[in-house]
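Student: I have a structure to read. Please take me through its features one at a time.

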Amino acid sequence: MPEFSLISAPPLAGYDETLGGIRLRAPEGLAIVSIALPLGGEAAAEKAVKSAYGAALPEMGQSVLAGDARLVRLGVDQAFVIFDHTEPNAEGVVAGKLKDKAYTTDQTDVWVGLEISGAGCREALERICPLDLHPDAFAVNQAARTVMEHLGVLIIRTGEAAYLLLSASSSAGTFQHALHQSMKNVS
Amino acid sequence: MSQDYRIGGGQVDRTREITFRFNGKAMQGHPGDTLASALLANGQKLVGRSFKYHRPRGVFTSGSEEPNALVQLRSGAHQEPNTRATTVELFEGLSATSQNHRGPLEWDLMAVTDLMSPFLSAGFYYKTFMWPRAFWEKFYEPVIRSSAGLGRLSMQNDPDQYDKGFLHCDLLVVGAGPSGLMAALTAARSGARVILADEDFAPGGRLNAETLELGGMAGADWAAQVVAELVDMPNVRLMTRTTVYGAYDHGIYGALERCTDHLAESGGKPRQILWRIYSKRAVLAAGATERPIAFGNNDRPGVMMAGAVRAYVNRFGVTPGHHVAVFTNNDDGWRTAKDLTDKGVEVVAVIDSRDKPAVCEVPGARHVRGAAVMDTVGRKGIKSITLTDGQVIPVDCLAVSGGWNPNVHLTCHQRGRPEWRDDLQAFVPGGALPPGMAVAGAANGQMTLAAALAEGQAQAKAQLEALDHTVANVELLQAEDEPREAAAFWHVKDSKKRAWVDQQNDVTVKDVKLANREGFRSVELLKRYTTLGMATDQGKTSNIAGLAILAEEAGKTIPEVGTTIFRPPYTPVPMGALGGRARGKEFRPYRLTPSHKWAEENGATFVEVGNWLRAQWFVRDGEKGWRDSVDREVEMTRNSVGICDVTTLGKIDIQGRDAAEFLNKVYANGFAKLPVGKVRYGLMLREDGIAYDDGTTARMGENHFVMTTTTANAVVVFRRLEFARQCLWPNLDVHLISTTDGWAQFAVAGPNSRKLLQKVVDKEHDLSNEAFPFMACGEVMVCGGMPARLFRISFSGEMAYEIAVPARYGNSMMDVLMEAGREFDAVPYGTEALGVMRIEKGHAAGNELNGQTTAHNLGMGRMVSQKKECIGNVLSQRPEMVREDAVKLMGFKPVNPAEPLIAGMHFINRNAVANMDNDQGWMTSVAYSPSLGHSIGLGFVKSGDTRKGEILRAVSPVHGREVLVEVVSAHFIDPEGERLRA
């Protein structure tokens, strides 16, 4: 038995709030691992992704739900795997699956996730999100990087009226406040 | 007060009565009224005092162009000055006061300035207050300032909330008048995403104010019908009370929505929203503004724009007078006369400047052809008018029409210049419109209803077709092309009395002529010299008349004189709306370190470092000031062990087969041969050879590096590396991703740091000096299998480590380190102690890497490798940058140890005069060194490396201080680095 033990305390742990039919919550145990495709080894890496997750790496700006993991393509050579995993070894899990065909970096604690959902959630996002989130312009599974209230945000449309928002974990409080205020202002 | 001037008809809801107050007096109105229409209904003609001469003024227009009827709305902290009564929607309990008077509105003491008007011509400040010179700042200016201005601020914080937002559409239609409605309807039925915005609370534009018909239906009814259809369509966003105030690049428009201004209370919701509208295309249907004619005493309450008089009668069921005369230079003025008589209001005369037959029948009215109004009488309200033929006609309202100006403002926001049209005697949008914008209706010079409707439809169709959108066929209803002939007639030359051009800034015809005589002949100079068009109304009713008069005086045509440049905003935007939510603590984001909670619970004082909040020091009982805490933290760290959260330093994960080569190119010193498991200090140069960031990079694996940057430059370095990777060397296999927030990193420094870490790091890792020497790094396990990274690096100069765990364990890690360190009396230290220790050790930081210094200056010239290709190494060798006598980073200690040093002091040779010619360099960082017992400093001094032991004067003229200092090594503590390697 080690003398000391560490306790996990992610920012916004347990946060779940509903205002005027819009729900904002911090999903628990979300692991994020970045994948970088080696120069010249892209095909092999993509093949490894496909065999590991049963889904091809989507096009840029798209995501795909593959089993319990969501693959999000962020750039020509960069993607995220987002999945439920609480242990602090998410990177090792993904690296193992990809059999070292791609470079991986643990991004779990770099980000804080907030899921906003409900009929009026697009109206709330309108106050801080510069992107066009109209259903025709931003379909389910689409993903984009943007800025909300000075904070860099990765936004993924996860459902008809549901979005997963990822922003820097150090400014989680500001980010949550910005969304809470938007919900309040439209509800 | 009763509504003596309320007549039949209109769009107000007479079933409900609203009580409001003006200057404390209770009055009544109805829903659908503006404050202006309700004031007129109650016979309140005198509404305010003018800016300069304190002349009595009344309601002049019925829209946002209003120059006169400015009031202070609401009270207390909610008080808002300079609010146009013509745009304020009446609500129960509204309270307004008039402004710009001393004593009651009716008996303004400042009206004496009107008698002094001969001395107050344009530019009078510059002419009158020249002497004595010393009086300007102390006397003239304060007096002028106290009497200038209109309303007063509450001087309290604005209690309202504001918001911002982003909207997107295929077609933005600006203005919901006939052409705007037609454009929006066409686009909406075609299935396009449409935003229709109008500044009014009732869409319809002039259809609400006039009696024109469409397909046999009243214009206002057609507007209501179209609006009802649009509101129900999911592809349409109808935004009333929304002013599109600016046209920006890429089809972006700024709009201000007034959400709760028409309510007594905002109910905790944002009062106004500043929208950024991203449009693919836009149709500007902003309508036109009627302009006055300048004649003697044309500013009296009761002198109004003819179109406005018509609007009050038709839309609000209010007549501004019972005996009205109309003075016009165009056909449209006649329609006011006709509408008034149709409503049973007596029109006593129609005075047409043109010698032509009546445009229409106006029963009971005298038609005076080819004449003009020369003067008026009536101090607080017009009583009679005097015509050029000498006739005096008693009236209580004079409706004036000098023609209509298309509202071209938004077409000019990207430097477009409007073009003159002789047939309209007006400017219309010019050739270069903002990309994606089309103009329709009166804004484009289509002044008649049928033409406006047709153009609204045609422009929408063309805009959608340009987007490859199929366009639905919308039936164009039969409408009138009403007579709109106009003549050029700007001011009544026979008039000897003062004739106002710009009523809000009190600029008269005489002022415009004077400006021309004194050489201010460019329209831009005219504006600035006379202040014409510079008030909150931005000269909407006055600009064209002003430049027409200037043209006349200068013997030029109006297009030769041209207009001033129209800039956003179209109408005033409150500062609160521009600020939005960004107030107080919400001005910018806050970043918290992983151990923030622990720090809060343990007496930390926080300091803002960029967006980060960092613990500056941790106060303990009995400590009287910050120095006590900081000195203790330094001493305890140097004596045993201290712990500091250093998470804020930028961390960049670098992977790839060519990562080592990449690092070798971006750092000035060599990185190609850094072994796995080792860390190296690196210096980055800009392309021009100036040092811009430093940090350490650890090689975690053959193809895996972890770079740290300074806190301040984390983003800049990442961005530059991305640029280098993507643009400079795209053939290298290198991948970057930030992990700054992902790892909680702690410096554990001091002679007992190893012993402390041995308790936390799992036993299988050998931390002995042999196994894990200075500059070693590696992945380890802590607390029984928790992944962590360990680096043996030191900023303090002590034996030190940095240990990183996933950020979510950071707060707990701080607890663990403190608990494990209890037996060593471990101390948490903040950024101040960190700073003291780095100065004692002679490490450069932001003060030294200030964007002007080179590696040569920093004493690291030899680090810049000339054997490889790397950013900045070539230009760093320019002769001026490698001068022998360049400033060098050195240490400084006071000759008298009791004397403190000040950062920013300049060094002067002992016997030289303290001036810039004798400047030898400057002090960059200072601290009190608890280890040495006196102040120490770092700084740059010429040829510093050859001047050790020399005594210099450190001078701060700002503080009036001077200290004798000795030039010493920058490494005050452990210059040989024995502690680091222990």
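Tutor: We go through domains, a chain interface, a sheet and a helix pair.

Tutor: This is a predicted model: local features need pLDDT of at least 70, side-chain atom pairs count only at pLDDT 80 or more, and totals for chains, interfaces and linings use all residues. Residues are numbered from 1 along each chain as its sequence is written, with chains lettered from A and ligands numbered from 1 in the order in which they are written.

Student: Which domains does the assignment give for chain A?

Tutor: Domain bounds come from an automatic or database domain assignment. Here domain 1 of chain A covers 16–27 + 110–186, and domain 2 covers 30–106. Their centres, taken over C-alpha atoms, are 23 Å apart.

Student: How many residues of domain 1 of chain A are in contact with domain 2 of chain A?

Tutor: Two residues are in contact if their C-beta atoms, placed from the backbone, lie within 7 Å. By that test, 9 residues of domain 1 of chain A are in contact with 8 residues of domain 2 of chain A. On the domain 1 side, β8 (111–117) and β9 (143–148) of chain A are the elements giving two or more residues. β9(A) gives the most, 3 residues. Helices (H or I, at least four residues) and strands (E, at least two) are DSSP runs, numbered from the N terminus.

Student: How many residues of chain A are in contact with chain B?

Tutor: 42 residues of chain A are in contact with 44 residues of chain B. On the chain A side, the largest share, 4 residues, comes from α4(A). That side divides into 17 nonpolar, 17 polar and 8 charged residues. Ala, Val, Leu, Ile, Met, Phe, Trp, Tyr, Cys and Pro count as nonpolar, Asp, Glu, Lys and Arg as charged, and the others, Gly among them, as polar.

Student: In what order do the 3 strands of the open sheet in chain B run?

Tutor: Strands of a sheet pair through backbone hydrogen bonds, either parallel or antiparallel. Pairing needs at least two DSSP bridges between two strands. In chain B the order is β31-β33-β32, with mixed pairing. β31 (591–592) and β32 (604–609) of chain B are the edge strands, each pairing on one side only. β31(B) pairs with β33(B) in the parallel sense over 2 bridges. Arg591(B) has Trp612(B) as its bridge partner in β33(B).

Student: At what angle do the axes of α8 and α9 of chain B cross?

Tutor: Two packed helices are described by the angle between their axes and the distance between the axes. Axes are lines fitted to C-alpha atoms, for helices over the stretch in contact, and angles run from 0 to 180 degrees between N-to-C directions. α8 (306–314) and α9 (332–342) of chain B cross at roughly 25°, their axes coming within 9 Å. So α8(B) is roughly parallel to α9(B). Angles under 35 degrees count as roughly parallel, over 145 as roughly antiparallel, 65 to 115 as roughly perpendicular and the rest as oblique.
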